[in-house]
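Reader: Please go through this model with me. I would like each label set against the rule behind it.

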Amino acid sequence: MTKKAVVVGANGIIGGNLITHLVELGDWEIIGLSRRGGETAGKVSHIAVDLLDAADAKAKLVHLTDVTHIFYAAYQDRPNWAELVPPNLAMLVNVVNAIEPIAPGLEHISLMQGYKVYGAHLGPFKTPALESDANHMPPEFNIDQQDFLEALQKGKTWTWSALRPSVVVGFSLGNPMNLASVIAVYASMSKELGIPLRFPGKPGAYDSLLEMTDAGLLARATVFIATNPQCGNQAFNINNGDLFRWSEMWPKIAKFFDLEVAPPLPMSLNVVMSDKEVLWKRMIEKHGLAHTPYSDVSSWGFGDAVFSWNYDFFADGTKLRRAGFHEYVDTQEMFMRVFSDLRVRKIIP
């Protein structure tokens with residue numbers, strides 16, 4: 001039986017990899033929602049919609065009466081944490097309110113969250129974090145979104161899930177939360193300039209324990225949770241299954257790019273890389289790279305955030321294994337695979 005999925009945030013690193021996985025499964029019809037839309041191909045179609053506009057969402061999505069699954073992975077950034085709540089809650093509310101009342105066959109709504117639920121962005125938090133850990137002081141849009149789904153689901157036949165990955169790593173361009181691109185471009189520019197690869201994070205971050213979530217693994221876990229009844233109406237941490245320190249990973253990354261490693265030097269990538277667009281354009285011409293705008297590969301602010309974690313950053317992933325999902329990914333292999341993919345695509349030399 002063919003299932004019909006709506007993927008909200010279809011052009012992001014999470015939504016794009018999820019669509020790829022659904023296509024590979026073969027028994028899904030997929031509709032991607034995003035602000036800029038996309039090209040229809042095979043079982044995948046796209047709708048350009050402003051989810052901040054409830055009327056636009058209702059008008060554009062009024063025909064989606066046979067949807068069985070909603071996968072929500074959209075995100076709107078704002079300058080400070082409190083300002084994130086209104087737009088991110090509104091987008092979820094608007095898309096669900098447009099589809100849920102007209103889709104009698106709806107089975108599941110999947111909500112993408114993250115470790116911010118545990119206060120990971122605020123400073124040192126309890127590790128390993130558990131899905132049952134108490135909430136932190138609001139504002140927190142992830143919790144507001146989950147509260148909305150929990151309240152709406154009462155008395156309904158469909159279920160919800162809240163997915164909590166760590167930093168998601170995979171191929172994506174023009175995404176503000178793409179760590180692999182940050183590292184790859186930073187390393188490529190270091191090589192172009194003839195300088196060693198220095199870890200740019202805060203003191204202490206080089207030796208803290210952390211984990212990542214492979215985008216492909218996340219996609220497979222997301223579908224597993226959404227299609228297995230035992231996972232309904234729950235939250236799940238999703239991570240690769242191993243821990244690492246940058247002090248151990250950084251030399252391996254440097255080796256991939258044929259670079260020496262020098263001692264860490266705390267610096268803001270957002271600042272020191274702000275004048276490197278000219279260098280990037282020169283590298284594109286010199287190495288015959290794809291003509292990718294500097295803004296699409298330079299998520300420097302996100303890199304600064306990740307490299308500032310001078311405290312342990314990981315969660316317990318055993319709940320998902322107890323539910324029946326046993327896949328894992330070697331994080332070192334993941335980084336090298338994504339870097340190789342960026343080379344094949346001619347994004348980096």
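Predicted model: local features only at pLDDT ≥ 70, side-chain atom pairs only at ≥ 80, totals over all residues.

Reader: What makes the radius of gyration of the protein chain agree with a compact globule?

Author: The rule is 2.2 Å times the number of residues to the power 0.38, with the radius taken over C-alpha atoms. For 349 residues a compact globule would have a value near 20 Å, and the protein chain has 20 Å, so the two agree. The C-alpha trace spans about 60 × 45 × 35 Å along its principal axes.

Reader: How many helices and strands does the protein chain have?

Author: There are 13 helices and nine strands. Helices (H or I, at least four residues) and strands (E, at least two) are DSSP runs, numbered from the N terminus.

Reader: Why is strand 9 called largely enclosed?

Author: Buried means under 20% relative accessible area, exposed means over 50%, and partly exposed lies in between (1.4 Å probe, protein chains only). In strand 9, residues 234–238, four of the five residues are buried, so the rest of the structure largely encloses the strand. Over the protein chain, 54% of the 349 residues count as buried.

Reader: How do you know that strand 6 and strand 9 pair?

Author: Pairing requires that DSSP finds at least two bridges between two strands. Strand 6 (residues 159–165) and strand 9 have five bridges in the parallel sense, therefore they meet the rule.

Reader: Why is the pair of Phe244 and Trp246 called edge-to-face?

Author: Rings of Phe, Tyr and Trp (its six-membered ring) pair if their centres lie within 6.5 Å; planes under 30 degrees apart are stacked, over 60 edge-to-face, and the rest tilted. This rule gives 24 aromatic pairs. In the pair of Phe244 and Trp246 the centres are 5.1 Å apart and the planes stand at 85°, so the pair is edge-to-face. Phe244 has 5% relative accessibility and counts as buried; Trp246, at 1%, also counts as buried.

Reader: What makes Phe335 and Phe339 a stacked pair?

Author: Their ring centres are 5.9 Å apart and their planes lie at 25°, so the pair is stacked. Being four residues apart in helix 13 (residues 331–344), Phe335 and Phe339 are separated by about one helical turn. Phe335 is buried at 0%, and Phe339 counts as buried at 0% relative accessibility. Ring pairs link a cluster that includes Phe244, Trp246, Phe335 and Phe339.

Reader: What is the distance from the charged end of Arg345 to the ring centre of Phe171?

Author: The charged end of Arg345 sits over that ring, 3.6 Å from its centre. The rule asks for NZ of Lys or CZ of Arg within 6 Å of the ring centre and within 35 degrees of the ring normal. Lys319 lies over the face of Phe236, at 4.9 Å from the ring centre.

Reader: Why does His21 count as buried?

Author: The relative accessible area of His21 is 12%, so His21 is buried.

Terms used
Residues numbered from 1 in each chain as written. Heavy atoms only, no water.
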